[in-house]
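I opened this notebook to record what I looked up in the structure shown below. The entries follow the order in which I consulted it.

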Amino acid sequence: MATAAELFEEPFVADEYIERLAWRTPGGGSRGGEAFDPKRLLEEFVNHIQELQVMDERIQRKVEKLEQQCQKEAKEFAKKVQELQKSNQVAFQHFQELDEHISYVATKVCHLGDQLEGVNTPRQRAVEAQKLMKYFNEFLDGELKSDVFTNSEKIKEAADIIQKLHLIAQELPFDRFSEVKSKIASKYHDLECQLIQEFTSAQRRGEISRMREVAAVLLHFKGYSHCVDVYIKQCQEGAFLRNDVFEDAAILCQRVNKQVGEVFSNPETVLAKLIQNIFEVKLQSYVKDQLEEHRKSDAEQYLKNLYDLYTRYIHVDDEIIVVDTLLGSNDLPSRTTNLSSKLMEFNLGTDKQTFLSKLIKSIFISYLENYIEVEIGYLKSRSAMILQRYYDSKNHQKRSIGTGGIQDLKERIRQRTNLPLGPSIDTHGETFLSQEVVVNLLQETKQAFERCHRLSDPSDLPKNAFRIFSMLVEFLCTEHIDYALETGLAGIPSSDSKNANLYFLDVVHQANTIFHLFDKQFNDHLMPLIRTLNCMIGQMKHILAAEQKKTDFKPEDENNVLIQYTNACVKVCSYVRKQVEKIRKSMDGKNVDTVLMELGVRFHRLIYEHLQQYSYSCMGGMLAICDVAEYRKCAKDFKIALVLQLFDTLHALCNLLVVAPDNLKQVCSGEQLANLDKNILHSFVQLRVDYRSARLARHFS
């Protein structure tokens, strides 16, 4: 017979338990050929049930015993917890008493410290005054005996003393203390020179810590600016040894930028002064050498050098710099890889773009003022030379043929078919048209347009471009095409001529081909210069000025703003979409992308500058975000990746107007804003009405 304990297995399954019991009972199954015996199986089940009942009673008693023991231990534990709580309350009371006592003692100590400081500060001042009087007496006696003045290793202490004495001497009457004032001033000057010399020596040895120490002492002297001048001068020693002065300047500024913060307390001012010195001395001299050499003798080389210097190396394109600053990326046209773009990476103060622009204008102003006159003069002489060289190659002397023009063509042909004419000109089959001449003229004009685009003031650009175009019309259309047609017309034989050769049709064919080249030049190079983008941007400015109100972004009732975006935004977007559609219909090929990219960048800059004119409450900031989101939808119509990226960044910037102050730093370090200039982020945060009350400036200090 199997015991109940033997039949228990984990996990317990009732059906398997019964099967195991029946299997182990003789006669309980078909095992070993035994016949099934229900009585024995029943008896086994009854006995097993009794055994289970006994086991159940035994387990139940054990459970009751454990429950009683658990209840007893729970009561003991609860009693112990109560005792601990009472002890904790007593300890807490003692802690409060101790804390109050400590606070009382601390108050007394602070009060005592204030009293001691109140006594000690005048005492220290008196001691300091006594020392200064002692040193002052030495100057009165004319003999400096103190170790601080005679020991060269104590130059820092001597500088501090002489600087204070110098300030005191300024207040003394000259008639009574002229001699001692002179001695103090002389010592002041000597120490200043020693400090500058020490700074110079430390710079040559490359001892940054000593340079920083001496610069900190000189900061309170009048000669501090001279120290900066010496630093700037020594930085440039051996820096300009290669032919590329611009690359040398960029490398020098990058090297100094890393060092200047470790030496001076105002590194941005020192670096700006270095850059100003480089521009006004090295670059101005280099530009002058490159341009003055050819200014009067070789206009072609002069214009080429001026364009190369201004565009490839120094020219600051305002729109490109804004793009570069806002995107913080390298996905820009190659013209940004110039010296000014590299200098924009450094901290030069609040408005580095204006600073660099002024430096550049100071170098090029004398050359840009009369640029267009030089351009027109060169283009005129060059075009005349190209034409004359062609006619000389044909052994042809240009002659004046009537006063008519292409517009008289139909009338003159009609007259020739009906009326007898005088003797005609024999052209010997020559059309006097040359595609090579046309290509040369168009190439010269193309280069002139490119120079005009870069070197002209924006306000003079349309006028200057028109003057260049007029020169092209004069020499290509009038002096070449029109002259050939007039000559061809004059060469048409009379109607009664025999074996007449009609070369005029060849002239018309070539003139038509040439005029297509002229038309392509007009569309490819003149239109981008005299396009109506300025007018479009001006219209947008007018809409924004008329429709945008200050209360749009700072509503009186924050809880009652029902509009999704402002009326100014709706009208501007409607206007922009119409202009984009017109541009696509009016142009084709790359001209469309070129114009839309220019318009998109200007559109972005207009909105960027417009948003910075207002202050924003929380709800006003949300409305500004909605406006920019609508502008961004409008920017998608341009289908220019750069334009869309600019508005994505602007949308991210507007989030700074509404983000909680505690999350401001985290948002500024987000993916879209992490690469932006810190000054740009700060300028947007300053537009918030809670900028001062929430002390948001601390996030940018």
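**Entry 1: Leu-611**

I began with Leu-611, which is buried, with a relative accessible area of 2%. I take buried to mean under 20% relative accessible area, exposed over 50%, and partly exposed in between, with a 1.4 Å probe and protein chains only. Leu-611 lies in helix H22 (residues 590–611). Helices (H or I, at least four residues) and strands (E, at least two) are DSSP runs numbered from the N terminus.

I then listed the contacts of Leu-611, leaving aside its neighbours within four places in sequence: they are Tyr-616, Val-628, Leu-650, Cys-654 and Leu-687. Contact here means heavy atoms within 4.5 Å.

**Entry 2: Basis of the values**

I noted that this is a predicted model, in which local features need pLDDT of at least 70 and side-chain atom pairs count only at pLDDT 80 or more, while totals for chains, interfaces and linings use all residues. Residues are numbered from 1 along each chain as its sequence is written, and side-chain values use heavy atoms, with hydrogens and water left out.

**Entry 3: The protein as a whole**

I looked up the secondary structure and found 26 helices and zero strands. The protein has 701 residues, of which 39% count as buried. Among contacts between residues at least 6 apart in sequence, 73% join residues at least 24 apart.

I turned to helix H24 (641–654) and looked up two of its residues. Val-643 is found in H24 and is buried, with a relative accessible area of 0%. Beyond its neighbours within four places in sequence, Val-643 is in contact with Leu-596, Met-597, Gly-600, Val-601, Ala-635 and Phe-638. Val-643 and Arg-632 are eleven residues apart in sequence, and their C-alpha atoms are 8.9 Å apart.

His-651 also has its place in helix H24. At 14% relative accessibility, His-651 counts as buried. Its contacts, with neighbours within four places in sequence left aside, are Ile-625, Val-628, Ala-629 and Arg-632.

**Entry 4: Helices H21 and H23**

How do the axes of H21 and H23 cross? I found that the axes of helix H21 (residues 567–586) and helix H23 (residues 618–636) come within 10 Å and cross at roughly 5°. That makes H21 roughly parallel to H23. Axes are lines fitted to C-alpha atoms, for helices over the stretch in contact, and angles run from 0 to 180 degrees between N-to-C directions. Angles under 35 degrees count as roughly parallel, over 145 as roughly antiparallel, 65 to 115 as roughly perpendicular and the rest as oblique.

On the H21 side, I listed Ala-568, Cys-569, Val-572, Cys-573, Val-576 and Arg-577 as making the contact; on the H23 side, Asp-627, Glu-630, Tyr-631, Lys-633 and Cys-634. By class, this contact has seven nonpolar, no polar and four charged residues. Ala, Val, Leu, Ile, Met, Phe, Trp, Tyr, Cys and Pro count as nonpolar, Asp, Glu, Lys and Arg as charged, and the others, Gly among them, as polar.

**Entry 5: Positive phi values**

I looked up Lys-639, in the loop between H23 and helix H24. Its phi is near 60°, a positive value in a residue other than glycine. At 68% relative accessibility, Lys-639 counts as exposed.

Arg-695 is found in the segment after helix H26 (678–685). Phi of Arg-695 is near 50°, again a positive value in a residue other than glycine. Arg-695 counts as exposed, at 58% relative accessibility.

**Entry 6: His-294**

I found His-294 in the loop between helix H10 (267–292) and helix H11 (299–314). His-294 is buried, with a relative accessible area of 17%. Leaving aside neighbours within four places in sequence, I recorded contacts of His-294 with Ala-299, Gln-301, Tyr-302 and Asn-305.
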